[in-house]
Amino acid sequence: MNIIETKKLTKYYGKSLGISEIDLEIKEGEIFGFIGPNGAGKSTTIRTLLGLVYPTSGSATIFGKDIIEFGPEIKEDIGYLPSEVFYYDGMRVIDLLKYSGSFYKKDQAVILKKIKELAEYLDLDLKKKIDDLSYGNKKKVGIIQGLLHEPKLIILDEPTGGLDPLMQQRFFDLLREENKKGVTILFSSHILSEVQKLCDRVAIIKDGKIVKIDNIKDLAKDTHKRFKLEFKGEIDRKQVTELIGVSDLAFDDNNASFLLKGNINEAIKLIAGFELTNLLVEEPDLEEIFMHYYVADKK
Amino acid sequence: MNIFLREIKAYRSSTLIWILSLCTLVTVFLFMYPAFTRDVDATRAIMANLPAAMRDALDISLANFFTIYGFFAYIFTFATLAGAVQAMNLGVGIMSKEDSGKTVDFLLTKPISRFKVFTSKLFASFGLILITNTVFSLTSYIVAGIVSTDGLDIQIFSLILASFFLIQLFFLALGILFSMLIKKIKSPVAVTLPTVFGFFIIGMLGSIVGNDNVRYICPFKFYDLNYVIDKGLYEINYLYIELVVVFIAVIASYLIYSRKDIRAAS
């Protein structure tokens, strides 16, 4: 069964395009990544699904129900964590979370128990005032707020900003745990490695359009790494050029830079023979990946 | 119900301050009534020497001023001005604060329809106005009863007090409508004060130049208290105007709210 299904979902803000003809099918129990640069339409898609903005055309269903007609009913089983969390100042964390819980039909005692569990797990003091919390701690409030009613679908919009690596790890563990219980997760991010770590399938969105939907394994198969080499002397251009899987190659004085697809061992062996002053291997930024897909599309 | 209670709680202290200020205002002024009436002829002479335009601007009627109703009506001009500010500020704030505080995402991703959010907030603000009026009216009855030498006509006095409620209702509805029409309201006061004082000045100028048409557009002039004191009635047309305006403002606000796109906070 498809938990989320969109059909040619389109949103214009006045004349400017938000998203165009988005077709998505997210299945029950999967962790679906939604990746793209800022402003690509990730948030617009999510906000449309949540009924915060209304689609210009097209339609979408969640749990098989139309998002507009059954908005409030659907949201009973959705947990949402926005990229930036804003809450009522002056409230204590526990009051805010209880207020948040009071909107759901679920037994309030069960919700309170879940709040306490999550707070302990995330190491959050429930008695503090929201105003006094650091950005990272506010984010934790957001996480608990999104999970306290044990939703069947969790929607996360760039959720990791502000969390330290340890908390991020705990948060991901928490999501995997929920996922094991059968919860479906839609995870939006502009950080590829984050999505690769967590998701089963991923949709890449750019300029309001879905560029590619792929299994994360297939995407990982063509993992790209950006190599930057600084040579001590003359560059052996021929050898570098002949390396398998190299693209986007550029030479500049003593520097060579290229994108490497696939197995890195061949490259490492070759590089070991060079006389270098510096070597950088980094994650290519999204733009580069997108460029790759665009080039692939044209072929 | 949870949004309703939350809003009542959020506005508890500011409403309390408004109520206290309003009650202090009428109490202090009403206790000056005996001093004013001790020597009616002398005071009347002073009043008569004021330029007629000024008396009109302040809605002072020489015939009524020295009755408890007339005196109260005079204080009332200022009380309604304050009351209008309170009500409009509430109307503008109760809707727009979710936008300016960026808490709107929190609220509208909950399993609740926009209609329910809107009505909860509408009822909460209405409830706060109702509480304000109840306390304000009771205080006025009691204090006026104490200072009045020859009793109190409950009908006249009640009609005067009810006009406070009606004016507040008008500005509450207007505030809600404005909060829907104006994008990015940082502070409700910036919307409220120009509007309320604008209407107030228009009404005052209308009285000075003796233009009766102004009364149709100025809520402060809907309920002519001198007419109420003389006849014991409202001029019913103005009541209809108010009810129509309030009705349209609320319906329009709801329609805008239910179709509005909530853009991401930035």
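1. A:T45 sits in helix α1 of chain A, residues 42-49. Helices here are DSSP runs of H or I with at least four residues, strands are E runs of at least two, and both are numbered from the N terminus. A:T45 counts as buried because its relative accessibility is 1%. Buried means under 20% relative accessible area, exposed over 50%, and partly exposed in between (1.4 Å probe, protein chains only). Leaving aside neighbours within four places in sequence, A:T45 is in contact with A:I19, A:I22, A:F34 and A:I205. Contact means heavy atoms within 4.5 Å.

2. A word on the basis. This is a predicted model, where local features need pLDDT of at least 70 and side-chain atom pairs count only at pLDDT 80 or more, while totals for chains, interfaces and linings use all residues. Residues are numbered from 1 along each chain as its sequence is written, chains are lettered from A and ligands numbered from 1 in the order in which they are written, and side-chain values use heavy atoms, without hydrogens and water.

3. Now the interface. Chain B brings 25 residues to the contact and chain A brings 23 residues. The buried area between them is about 2400 Å², with 59% from carbon and sulfur atoms. Buried area is the accessible area (1.4 Å probe) that two parts lose on being put together, summed over both. On the chain B side, B:R6, B:F106 and B:P111 supply 28% of the area buried against chain A, more than any other three residues.

4. Two salt bridges link chain B and chain A. The term means a side-chain nitrogen of Lys or Arg within 4 Å of a carboxyl oxygen of Asp or Glu. B:D105 forms a salt bridge with A:R47, with the closest N and O atoms 2.7 Å apart. Among the elements of chain B, α7 gives the most to the side that touches chain A, with four residues.

5. Rings of Phe, Tyr and Trp (its six-membered ring) pair if their centres lie within 6.5 Å; planes under 30 degrees apart are stacked, over 60 edge-to-face, and the rest tilted. A:Y87 and B:F106 are edge-to-face, 5.7 Å centre to centre with 80° between the planes. This pair crosses between chains, from the loop between β6 (78-81) and α3 (93-101) of chain A to helix α7 of chain B. A:Y87 is buried at 7%, and B:F106 is buried at 3%.
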